Amino acid sequence: MRILGIETSCDETATAVVEDGTKILSNVVASSQELHQKTGGIIPEIAAREQIRCIIPVIEETIKPFSHSAIDALAVTVGPGLIGSLLVGVETAKTLSYVWHKPIIPVNHLVAHIYANWLESKPEFPAIALVVSGGHTDLVLMKNHPSKGRDKLRWLGGTRDDAAGECFDKCARVLGLGYPGGPAISAAAEKFTISNCKATSSAYFQFPIKLPRPMIETEDFDFSFSGLKTAVINEVKKLKDNQQFNNITIQQLSFEIQEAITDVLVEKTIRAAEKFKVKSILLAGGVAANKRLREKMKLEIGNWKLEIDLHVPPPPLCTDNAAYIASFAFFNFKPLPWKKIKVEPGLTITGEV
Ligand code: KG4
Ligand code: ZN
C-alpha cells in the first residue's frame, strides 16, 4: 500500500510517499527555517504563509514519479502544532481526498515521530519511546501499535515546563548561536571538546562551569528544563561581568548544556526500560538527531548490561518530515470521512484524533 503523507505542523512543508509503512519512495521537505533565523525563533504568521506558498509545489515534486492512481491513501498531521500551519496541510489533504476519492488518516504528529524507526528497522514490542522535539518531551511505553487498543501506548512522564529542544533553542539564543539551537550547541560543544583536548592549560579548567541535572534523581519519569536555562542565563551574566564571555566560554557552556540535557534524558529512559523490561528503546523527534544523546544511550545500555535493541533513525528522519506520517498511517490504518477531519493544535501524545 502506498500512502502520501502530509506534514505542516510547524516550519516545514513536507510530503512523502511510503510503501507498506517502511519503504520511502519519495520524500520532500521545504523549510522556512532561514526566515526564522533572522528573528531567532518562529513567528507563526510567517510560518503559515510559507506553508501556503510551498504546499502545492512540494506535493507536485513528491508525486512526480507516480500518477495519483498509484497512491492508495492520504495521511495528514492534525496536531499538535501551530494552528495556521496545520490548517494548510489538513485542508489540502481533505481536498485531495475528496477529489481523488482516497481514504484519509488523521495523524498525531508526536506518536508519528516514533515511526521514523520503522523506516529503517523493525522494532520489537514492548518498547520505550523517548520523544524529544522542539515543543515536547515525552517518555512512553508502547506495548503495540496504538490503534490495536487503548492501553497500547502508555504515557510515563514528560516535561513539567520547557521541552528538551526548547531548552537547546533558548540556551543557544542566550549564547548568541542562532536558531535552531540544538545543532548550533552541538557544533559548538564539539569544537570545545576538540580544542580542550589540544590545550594544555585548558579553558575547561580555567572556567569550570557545572550546570544542574534537573530531576535526575527523582523516581518518576518527569523532566524539567527551565531551571537549566536560568542557570545558563546566570552563568552568561557572570562571564560578561568578568569580561570572560568569548568563543571559548561559549563552546564550554555549550558542551556542558549538551551534557546536562542528555544526562537526564538517558538516565530516565534507561530506568524506564529496566523497569518495564522492554525489548527496544526508540529515539524520536528532532533532539534524537543529537550525536551525543545517541552515543550516551548506547553506552548506558551496555553499562546496565540490558538486552535491549536501541533504534535511532538517521538524523534527517528525526527532524520533521512526512515519511513517518505515512508510516504511522500504514501501521495504524484508521481512515475517517474527510468532513470529520479537523486540526487539533493542542493534541497530546496520548490524545485521540
Ligand atoms: O521534531 P522537530 O524537528 O520539530 C518539532 O516537532 O518540534 O524538533 C525540532 C527541535 C529543535 O528544538 C531543534 O533545536 C532540535 O529539535 N534539534 C536538535 C538537533 N537537531 C534538531 N537538538 C539537539 N541536537 C541536534 N543535533
Ligand atoms: Zn516534530
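Predicted model: local features only at pLDDT ≥ 70, side-chain atom pairs only at ≥ 80, totals over all residues.
**Entry 1: a helix on the sheet.** I began with helix α3 (residues 83-100), which lies across β1, β4 and β5. I looked up its direction too, and α3 runs at about 155° to β4.

**Entry 2: another helix.** Next I checked α12, which lies across β1, β2 (12-19), β3, β4 and β5. Against β1, α12 runs at about 130°.

**Entry 3: the sheet itself.** In what order do the five strands of the open sheet come? I read it off as β3-β2-β1-β4-β5, and the pairing is mixed. The edges are held by β3 (23-31) and β5 (104-108), each with a single partner strand, so one side of each has no neighbour in the sheet. From one strand to the next, the twist averages 20°.

**Entry 4: one strand pair.** I zoomed in on β1 (residues 2-7) and β4 (residues 73-79), which run parallel and are joined by four bridges. I also found Gly-5 standing opposite Ala-75 in β4.

**Entry 5: the zinc ion.** Which residues coordinate the zinc ion (ligand 2)? I got His-109 (NE2), His-113 (NE2) and Asp-320 (OD), at 2.0 to 2.1 Å. Along the chain, these donors follow the spacing H-x3-H-x206-D. His-113 sits in helix α4 (residues 109-114), while Asp-320 is in the loop between α11 (315-318) and α12 (323-331), so this pair ties together parts that are 207 residues apart in sequence.

**Entry 6: last check.** Are His-113 and Asp-320 buried or exposed? I found both of them buried.

Key:
Residues numbered from 1 in each chain as written. Chains lettered and ligands numbered in written order. Heavy atoms only, no water. Donors = N, O, S within 2.8 Å, 3.2 Å for Na, K, Ca; no water. Helix = DSSP H or I, 4+ residues; strand = E, 2+ residues; numbered from the N terminus. Buried < 20%, exposed > 50% of the residue type's maximum accessible area, 1.4 Å probe, protein only. Pairing = 2+ DSSP bridges. Axes fitted to C-alpha atoms, helices over the stretch in contact; angles between N-to-C directions. Contact = heavy atoms within 4.5 Å.
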